[in-house]
Amino acid sequence: MVLTIIIALVGVLIGLLVYLSHRSMVRPANFPPGPLGIPILGSLHLLKEYPERDMLKLAKKYGNIFSLKTAAKNYVCVCGTDLNKEVLYHKDVINRPDLYAFLIVKRNDSKGITARRYSNELILNREFMHSVLTDVQKVDFNIDEIVEKEITSLMDKFENMFESCEPEYVSDVILALIIDTFLSIYFGHKTDKTIEEKYKRDELIQNLLSLRAAFEDVYYKIPDLIPGIHKVWLPNSAKKFISAGEGIFKYCTDQLEDHKNSWDPEKPRDMVDLYLNKMNEEKELQDPVFTKVNFQHLLFDILLGGFENSAHTLGFAVLYLAAHPSVQSRLHKEIIQVLGPNGKVQCDDITRMDFTNATACEIFRFASTAAVGVTRETIKDVTIRGYSIPKGTTFMFNQWSSNTQDDRWKNPKHFDPENFLDENGKFVSNNALMPFGGGLRSCIGASLPKRQLFVFLVKLIQKFHIKPETDDTKVDCEPIGGFIHSPKPQKLRLQLREIDY
Ligand code: HEM
């Protein structure tokens, strides 16, 4: 009897292994080519610490469109400006693939934006966020003022930090700036917080950092590679992700409840008030979109989607400036010319400041923080470049390959604002620049980091010379790899400028 059970179990195990091996290696008919991979594991693991570089190596062998596999999914990777655009703007490549950890946090009920299927509800959420972040006329709070105020307070912090002229790390205070800006826009967060508010804010930051740590853990990805395994086993990092996600949900619900007590539909103070207006508009509807659960999911998406990319972009900016004193000099010259000594900066000034505009775009290009974008899934069978790609296939976008493509840039491999300047020193945009994806699922937050980076550059250069740790230290501008590229931690010196103009 025991022997029969053992034989049956071994049989089931062998059957399962054969099934997983088959799924992890066999491609659909007329699918883009790709490496064979290893039975069960497939070939996705070939993308390592710098997935964008590994993708480019594979593209040299298989072409700019090629495929990778796991037992759970078929992946198609695209490299180069033309292919990235063709697929990002394809009308049938508009879903996001399921990520088990998101599904678990969101209890299989993907509302909000990022994990949502393309639908009318998604469009309404995207339109809402878009109007919160860009429609400054309609709202009672002004995002540009918030951005300006938070960056001014960061400059004051820098002044204190560098008073003794000792080199320091700047990434933590930059991260705090990003979170405080988000909290001001979303929840109307005040600088004069009570102890309880401070505690809750710190807890929120800890939860966001735990989410980030979970993403970087190798085991975290296993349940996305082996179908169904999350039903019986979860890595510890996934458990941490879930508990941090729940903490964020709670923070958001508390904010919504608090706001209800003092909400005036005529005078929205922040995003939560605007959301309450939407809930109010829909109160007679049987199936409203702007519900409390949707609010939790939406806030989760915009907190998680934005904070790391935004903070790392500013972190890279400081490093690039430290490594390129000549860029600092040109920025300073333009700032003095256009804004005057101690001139106040507004986001719209960017149109009058060609070199600063070019430097900001060059930072987005060279940093390429979202080097491989965010995955998408096909909603139907599609044909791309003659290949048949079935419904449910996951696409990966090598945005970095477009940002560094030899024939698209004057100086693709180096940090050089000339990439965005014509021969007369006028700003020229370049449609190969690809930090924020494109098409119907492009980044809804893009306008915020653009404005932040511009104001940050102006204020930083107005006040400081940015220098490496010592005069002999070489600044290391190489990113730390991963799903999102981050700057390597290193000490810098920020020296107050003499009022020499
Ligand atoms: C430098 C900063 C940022 C970078 C580089 C970045 C990059 C991206 C990229 C590449 C995508 C995928 C787009 C696509 O599939 O076409 C995306 C999506 C998204 N981003 Fe950003 N992002 C940044 C800041 C933000 C901010 C500040 C927010 C929130 C206010 C945000 C919220 C989102 C959301 C919600 C999505 C999902 C959109 C959808 O699925 O429809 N991002 N972002």
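A nonpolar core, as the term is used here, is a set of buried Ala, Val, Leu, Ile, Met, Phe, Trp, Tyr and Cys residues joined through C-beta atoms within 7 Å, where a residue is buried if 20 or more other C-beta atoms lie within 10 Å of its own, exposed if 12 or fewer, and partly exposed in between, with C-beta atoms placed from the backbone. The structure is a predicted model, in which local features need pLDDT of at least 70 and side-chain atom pairs count only at pLDDT 80 or more, while totals for chains, interfaces and linings use all residues. For your selections, residues are numbered from 1 along each chain as its sequence is written.

**The cores**

Begin by selecting Leu 303, Ala 317, Val 318, Ile 363 and Leu 457, which touch the most other members among the 95 residues of the largest nonpolar core. The largest share of this core, 17 residues, comes from α12; helices (H or I, at least four residues) and strands (E, at least two) are DSSP runs, numbered from the N terminus. Centre the view on Val 318, and, leaving aside residues up to four places away in sequence, you will find it touching Val 170, Ile 466 and Leu 492, a contact being a pair of residues whose C-beta atoms, placed from the backbone, lie within 7 Å. Next select Leu 83, Val 87, Ile 389 and Phe 395, which are among the 24 residues of a second, separate core. In soluble globular proteins, nonpolar side chains tend to be buried together.

**The ligand shell**

Select the ligand and the 29 residues around it, of which Gly 305, Gly 306, Gly 437, Cys 443 and Gly 445 come nearest; a residue is counted as near a molecule if its C-beta atom, placed from the backbone, lies within 6 Å of it. Helix α12 (292-323) and helix α16 (447-463) each supply at least two residues of this shell, and the largest share, seven residues, comes from α12. Coloured by class, the shell divides into 11 nonpolar, 13 polar and five charged residues, where Ala, Val, Leu, Ile, Met, Phe, Trp, Tyr, Cys and Pro count as nonpolar, Asp, Glu, Lys and Arg as charged, and the others, Gly among them, as polar.

**The four-stranded sheet**

Now turn to the open sheet of four strands, whose order is β1-β2-β6-β3 and whose pairing is mixed; two strands pair if DSSP finds at least two bridges between them. The edge strands, β1 and β3 (376-377), each pair on one side only. Starting at β1 (residues 65-69), follow its antiparallel pairing with β2 over five bridges, where Lys 69 has Asn 74 of β2 as its bridge partner; the two strands form a hairpin with four residues between them. From β2, move on to β6 (residues 394-398), which runs parallel to β2 and is joined to it by five bridges, with Tyr 75 standing opposite Thr 394. Beyond this, β3 and β6 run antiparallel and are joined by two bridges, and Arg 376 is the bridge partner of Phe 395 in β6.

Helix α2 (residues 51-62) packs on the sheet, touching β1, β2 and β6, and its direction makes about 90° with that of β2; axes are lines fitted to C-alpha atoms, for helices over the stretch in contact, and angles run from 0 to 180 degrees between N-to-C directions.

Return to β2 (residues 74-79) and colour it by burial: six of its six residues are buried.

**Helix α3**

Select helix α3 (residues 81-88), which lies across β1, β2 and β6 and runs at about 140° to β6. Its buried residues are Thr 81, Leu 83, Asn 84, Val 87 and Leu 88, and what covers them includes β1, β2, β4 (382-384), β6 and α15 (399-403).

**Two positive phi angles**

Two loop residues deserve a stop. Cys 165, in the loop between α6 (143-161) and α7 (171-187), has phi near 65°, a positive value in a residue other than glycine, and it counts as exposed because it has 9 C-beta neighbours inside 10 Å. Ser 368, in the loop between α14 (354-367) and β3, also is a residue other than glycine with positive phi, here near 40°, but Ser 368 is buried, with 24 other C-beta atoms within 10 Å.

**A last stop**

Finish at Ile 336 in helix α13 (residues 325-339), which is partly exposed, since 16 other C-beta atoms lie within 10 Å. Draw a C-alpha to C-alpha distance from Ile 336 to Ile 384: the two are 48 residues apart in sequence and 50 Å apart in space.

How values were computed:
Two residues are in contact if their C-beta atoms, placed from the backbone, lie within 7 Å.
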